[in-house]
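Dear colleague,

Please find below the structure that I am handing over to you. My findings follow directly after it.

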Amino acid sequence: MADQQQQFYLLLGNLMSPDNTVRKQSEETYDTILGQNKITFLLQAIRDASAAEEVKQMAAVLLRRLLSASFEEVYPGLTLEMQTAIKTELLTSIQQETSPNIRKKVCDIAAELTRNLIDDDGNNQWPEVLKFLFDSVNSDSVNLRESALHIFWNFPGIFGNQQQHYMEVIKRMLVQCMQDQANPQIRTLAARAAASFVLSNESNSALLKHFADLLPGLLQAVNDSCYQADDSVLKSLVEIADTAPKYLRPNLEPTLQLCLKLCADTNLTNMQRQLALEVIVTLSETAAAMLRKHTAIVAQSVPQMLAMMVDLEDDDEWAMADELEDDDFDSNAVAGESALDRIACGLGGKIILPMIKQHIMQMLQNPDWKYRHAGLMALSAIGEGCHQQMEAILQEIVSFVLIFCSDPHPRVRYAACNAIGQMATDFAPTFQKKFHDKVISALLQTMEDQSNPRVQAHAAAALINFTEDCPKSLLIPYLDSLVQHLHVIMVAKLQELIQKGTKLVLEQVVTSIASVADTAEEKFVPYYDLFMPSLKHIVENAVQKELRLLRGKTIECISLIGLAVGKEKFMPDASAVMQLLLKTQTDFNDLEDDDPQISYMISAWARMCKILGKEFQQYLPVVMGPLMKTASIKPEVALLDTQDMENISEDDGWEFVNLGDQQSFGIKTAGLEEKATACQMLVCYAKELKEGFVEYTEQVVKLMVPLLKFYFHDGVRVAAAESMPLLLECARVRGPEYLTQMWHFMCDALIKSIGTEPDSDVLSEIMHSFAKCIELMGDGCLHNEHFEELGGILKAKLEEHFKNQELRQTKRQDEDYDEQVEESLQDEDENDVYILTKVSDILHSVFSSYKEKVLPWFEQLLQLIVQLICPSRPWADRQWGLCIFDDVVEHCSPASFKYAEYFLPPMLQSLCDTSPEVRQAAAYGAGVMAQHGGESYRPFCTEAIPLMVRVIQAADSRAKENVNATENCISAVGKVMRFRPECVNVNEILPHWLSWLPLNEDKEEAVHTFDFLCDLIESNNPIALGPDNANLPKIFLIIADGVSNESVKSEDACSKRLANVIRQVQVSAGLWTQCVSTLNETQQKAIQDLLNTA
């Protein structure tokens, strides 16, 4: 055994080897050792006094990882003696180990083991560890007290279901240690343990209250430890602000005062000052209403952020730099700017703008450039959060900022461009409409600053922001001047590229050209030949590695110009451009994974597909390989515990999500955006090429279905959801059997993801796609198991909807409730209602596919839908509840009548509701009852008519907010006369009905009214035509308006019938003249169009 142990020490040494090959081999060997043997060897190594410190350290880390990652596989299989031996050995080791580092690591192992030994009922299966804690914390040995606190900090849930019983003991233990004057390290550790305990009980408000009196001691420890160069307690305070902000409420004032003091102390490190500020900023996000009650302190923190933003270096090289290095995220300037942005968003402009406005104005007048720079950057930072308040004084802000476009210092000019670009995005399109003349000329002038390429490039970038959101009509008058400037700069910079190899400005200018073309669309045609030769020249010749980004942006520019000017103008160049792209594509295999050209290429292909349409199909074999490769990128992920986290920094492209309980989930973000773009492009191909894409549907569907669960990127899941109905459409040409197979492959996953999707925006996309798929596949596409699962999920969604409304009501009773809280509750409410609309979409597709067969399944949801239409519910609930019953009547009648008692009385009542949306849903219901409901609904139709007439004849019935409800009433009255004439006095109502036509807003209902109108005219209805056809001119007017409004489309059956009516009148010259003479020019043209197309 000793021999094996020696070999094991060698192995441990090799696991730490700097030589990759040795390390990799050792890892493979280590993985082959049986779990139980590993535990024995590792424990022996830890306990071996003669082993080298780093070997023991490595063994401790590995043992903790083993218990953390493979506890279930290894530990339960050990004999009872072995399990007891491990427990004893660990506790003995903590007591005997002389090295503080190893002792700490053994405490981590003990905590990890205990975490796994708490059973499902909360019993701690290792009672000795609790006794050890109590003994150690009261011991004279500082080391033992430290070890006990370390274990408790690492696993604050160690008391399991006994926690309540030991509450006073825990509290006393922490207080006593936090007051240990002789040992600062014990005070620090006790404070961290207290924070850890609070965090693990964040939702237990009674416990938080009970532990509130520990907070002053915790704040004292934050202060003391910072001045001993230890920011661990401060980090714990940030975590509390993030997850348990309510804990700070009783002592919020001193907490904020302390953070302000630390943030202002320039003797501390930048990191500590930023962390202190982070507490205040985090609270503005997690407990905004609570913080809004302490505006005086917030007002003191704003100058702190601005002071950090002034902390810049003078750098003579700055203006000429050709490579844009990433912002230094640890710098005070970046931290201050980000804090300002977040606190403005968190607390809102009403509070922040008045606090900051004066400071910014003073900074902008400071002779030191750093202050002017910071003032302009601050303006950019608060735009999103102070949106409403800044919009009111935008005129004043813009005229002020534009002055700095000609500031003597280049970095101030740069900051002015930054502010303009940011405002162009934040305040679009108001900003563009109000300030286009001033802004465009200022940016074009700044772009001519030849001696400061960095400023030139930023002015070009601001121009991109401006044109992206600029209404086309506003941009057209400036097109000539813009194009000339951009062309001059492009030519000059191309020369510079050839002579000096500088490219920064050219990269931006190429994108500015693309952005102008994108907005100008066909108006860019005259300038096409000015740019295309140079752009193709860049793609052909810019092949060096450092020009990859330039080449990618130029490829983007060419494809955007092509899309803007259209197929006809672009076609002569299309095949040359395709060849260039293909050449890049063939060299694609040599491109590195992080090559910026890849994502530009992928998007350019999709634009080429839009331009060329079906002709693009021939290129698919070349394009699809790299596209599928990029869409299949698998990100590197890792599950790490707090100790591992200390060795990995976020700078290496890793991002972390804290899962609580000392665990974090890490993901390497490289390639994620590219993956999302690639998935979007696959959606684009399926949409554009339809059956032309059929060859690829199978491999794409196999890629996309698992991506519904790709939780690292919302965009990927959205693309996966969007692709499903499109892929089914592509696959239709292969016949029903192939289609059904494909549908079965995606159906389960779609239903499951509706149940599990955490993000509401993504969820609505998935639900929408699922509904479209059911409409496509029709009757029989869902099995019983599908129905069962779907029913459960929809039921849960509706129950959650009601629960969320109750929660919002509770928040309205909260002591921190204010108008800003109300605003965010309204947003949540809108989100919820949007999901409700998607529940309605899914039910609509199920009813329209399955008809009355599906009613028994629907009954599990019935009471919840009935609850939606209670008079006490908000209008949106009633609207969507009625829409669902409308679908039941439309698709499941006459069987639907068995539920009539539930929905008929509310529906009648809703016809006169104060909310137009509710009136509209009820009126649509009345119409479908007449058309589809059957005999049983006759009394309802009779009762509904006078109510609907009252709505139509109300004074403001045609006001913008009421018009849709009114038009639905008009259509429904028409349907009752058409399908249930026995329910209404047609002779009395019909003349009124004709006077209400045409419908201009609701195109779907307009078709029904025209169909009925045709019925009346074709049957020579005397009331419709009037004595001696006196009503015909009025009818012509109705038809002409319908055509010019596009309510009548040439593909509709009724357009042929309407054209025939007109042709019959044409035969009688006198009548024809009489009818046409009342029409204006637009209306006459509409009649002519109808005759030509129908």
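Of the 1094 residues of the protein, 56% count as buried. Here, buried means under 20% relative accessible area, exposed means over 50%, and partly exposed covers the values in between, with a 1.4 Å probe and protein chains only. The accessible areas come from the Shrake-Rupley method with that 1.4 Å probe, and for residues only the protein chains shown count as cover.

This is a predicted model, in which local features need pLDDT of at least 70 and side-chain atom pairs count only at pLDDT 80 or more, while totals for chains, interfaces and linings use all residues. Residues are numbered from 1 along each chain as its sequence is written, and side-chain values use heavy atoms, with hydrogens and water left out.

Overall architecture

The protein has 54 helices and three strands. Both are DSSP runs numbered from the N terminus: helices are H or I with at least four residues, strands are E with at least two. Taken along the principal axes, the C-alpha atoms fill a box of roughly 115 × 80 × 60 Å. As one distance within the model, the C-alpha atoms of D887 and M578 are separated by 49 Å, the two residues being 309 apart along the chain. D887 belongs to helix 43 (residues 875–892) and is buried, with a relative accessible area of 9%.

Salt bridges

The structure holds 48 salt bridges, each defined as a side-chain nitrogen of Lys or Arg within 4 Å of a carboxyl oxygen of Asp or Glu. One of them joins D832 and R808, whose closest N and O atoms are 3.1 Å apart. Because D832 lies in helix 41 (residues 819–850) and R808 in helix 40 (residues 784–812), this pair ties together parts that are 24 residues apart in sequence. D832 counts as buried at 14% relative accessibility, and R808 counts as buried at 3%. A network of salt bridges links R808, K811, E828, D829 and D832.

A further salt bridge is formed by the side chains of E1005 and K975, at 3.0 Å from N to O. The pair links distant parts of the chain, with E1005 in helix 49 (residues 1003–1018) and K975 in helix 47 (residues 963–979), 30 residues apart. E1005 is buried at 4% relative accessibility, and K975 is buried with a relative accessible area of 4%. D877 and R873 also meet in a salt bridge, at 3.4 Å from N to O, and both of these residues are buried.

Helix 48

Which residues of helix 48 (residues 986–996) are buried? They are I989, L990, W993, L994 and W996. These residues cover an arc of only 145° around the axis, which puts them on the same side of helix 48; the arc is that of the directions from the helix axis to the C-beta atoms. The exposed residues N987 and E988 are carried on the face of helix 48 turned away from its buried side.

Charged surface patches

Patches are made of residues with over 30% relative accessible area and no salt bridge, with like charges joined within 9 Å. Lys and Arg count as positive and Asp and Glu as negative, whereas His and the chain ends are not counted. The place of a charge is NZ of Lys, CZ of Arg, CG of Asp or CD of Glu.

K614 sits in the loop between helix 32 (597–612) and helix 33 (620–631), and is partly exposed at a relative accessible area of 46%. A negative patch gathers D311, E313, D315, D316 and E317.

Backbone geometry

Most residues other than glycine have a negative phi, and most peptide bonds are trans. The peptide bond from S893 to P894 is cis, with omega near 0°, and P894 lies in the loop between helix 43 and helix 44 (900–910). L997 and P998 are likewise joined by a cis peptide bond, with omega about -5°; P998 is in the loop between helix 48 and helix 49.

D1028 has a positive phi near 55° and is exposed, with a relative accessible area of 79%. E1046 has a positive phi of about 65° and is exposed, with a relative accessible area of 54%.

With kind regards

Definitions and conventions:
Patch = residues over 30% accessible without salt bridge, like charges linked within 9 Å, V, L, I, M, F, W, Y side chains within 5 Å.
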